[in-house]
Amino acid sequence: MKERFEIALNTPAGQITSAVDVPIGFVPVSAIVPLMRRLGEEAQALEVMRSLDSGRSTSCHKGCAACCRMLVPLSAPEALTLRDWVRSRPEAEQEDIARRFSESKTRLLEQGVWQQLVSLCDASLEPDEAVVETVNRNYYALRLPCPFLDAEMCTIYDERPAACRELLVTSPPEQCADLTKNPIDPIPVPIQVSTVLGLVWQDLTKDRTRLIPLPLALEWAERHEEQSRRTWKGGELFDQALDKTWRFLSQALGGNDKSPAR
Ligand code: SF4
């Protein structure tokens, strides 16, 4: 059972108004992931239009996967959602995904980067930005394709994490060939959905997990099987996520925004 709400949120590029179907019973935290991704995409669509109005169009296109060699961070609810999706696939596909993740892990272990990712993921305190930056650089230096990348196409496009949806650029695509050397011009991200969901998870479970690197996501979700079975009232989950979203947007708007209309 779901209840429909009309949401109005002010963002730096304008207001989004959206009808959202919120589950009203007890649900796992993963139930709000699609809702939050949709709000994030609607807010970013306004930024894309604003950019277009100023003469800068998005240069990202099908078949360009330069950014799929960067480290993708997931929130805990997203990692659980991804694990559920993988489990829903035919057996042969699950085996293929497992093989790809295993190959990535082998390469990361060989290069000494796996342990750095584990340390980031398991950090009990918010990781220092300089540490995150170093791990990002070490990972990107390998140019390791995402396990879900095949022939330069995302094989989980509709299920891809929020961080993948949020990286859009207006700079020439060639600039993305080496992101350590070339400047890029990203479209602003008004709602960082993985950050919002990560904070919701922390409040609900008191688990400090903030950032799960994609190559670790399925293993992390398996280790947290028990927590993934916990349920909360759908309306309360969505309210929490909306409240955190509004706080971010309010900061971006200089603290002058009113709480979201619902
Ligand atoms: S999930 Fe898809 S979009 Fe994201 S990095 Fe992997 S292949 Fe690229």
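Gly 112, which follows helix 3, has a positive phi, near 75°. Helices (H or I, at least four residues) and strands (E, at least two) are DSSP runs, numbered from the N terminus. The model is predicted: local features need pLDDT of at least 70, side-chain atom pairs count only at pLDDT 80 or more, and totals for chains, interfaces and linings use all residues. Residues are numbered from 1 along each chain as its sequence is written.

Helix 3 (residues 91–110) has 20 residues and should therefore span 28 Å at 1.5 Å a residue, in agreement with the 29 Å between its end C-alpha atoms. The expected span is 1.5 Å times one less than the number of residues.

The axes of helix 2 (residues 76–87) and helix 7 (residues 193–205) come within 7 Å and cross at roughly 100°. Helix 2 is therefore roughly perpendicular to helix 7 (angles of 65 to 115 degrees; axes are lines fitted to C-alpha atoms over the stretch in contact, with angles from 0 to 180 degrees between N-to-C directions). The residues in contact (C-beta atoms, placed from the backbone, within 7 Å) are as follows.

| Helix | Contact residues |
|---|---|
| Helix 2 | Ala 76, Pro 77, Glu 78 |
| Helix 7 | Ser 194, Leu 197, Gly 198, Trp 201 |

By class, this contact has four nonpolar, two polar and one charged residues.

Strand 1 (residues 2–11) and strand 2 (residues 14–23) pair in the antiparallel sense over 10 bridges (pairing requires at least two DSSP bridges). The two strands form a hairpin with two residues between them, and Lys 2 stands opposite Pro 23 in strand 2.

Methods:
Angles under 35 degrees count as roughly parallel, over 145 as roughly antiparallel, 65 to 115 as roughly perpendicular and the rest as oblique. Two residues are in contact if their C-beta atoms, placed from the backbone, lie within 7 Å. Ala, Val, Leu, Ile, Met, Phe, Trp, Tyr, Cys and Pro count as nonpolar, Asp, Glu, Lys and Arg as charged, and the others, Gly among them, as polar.
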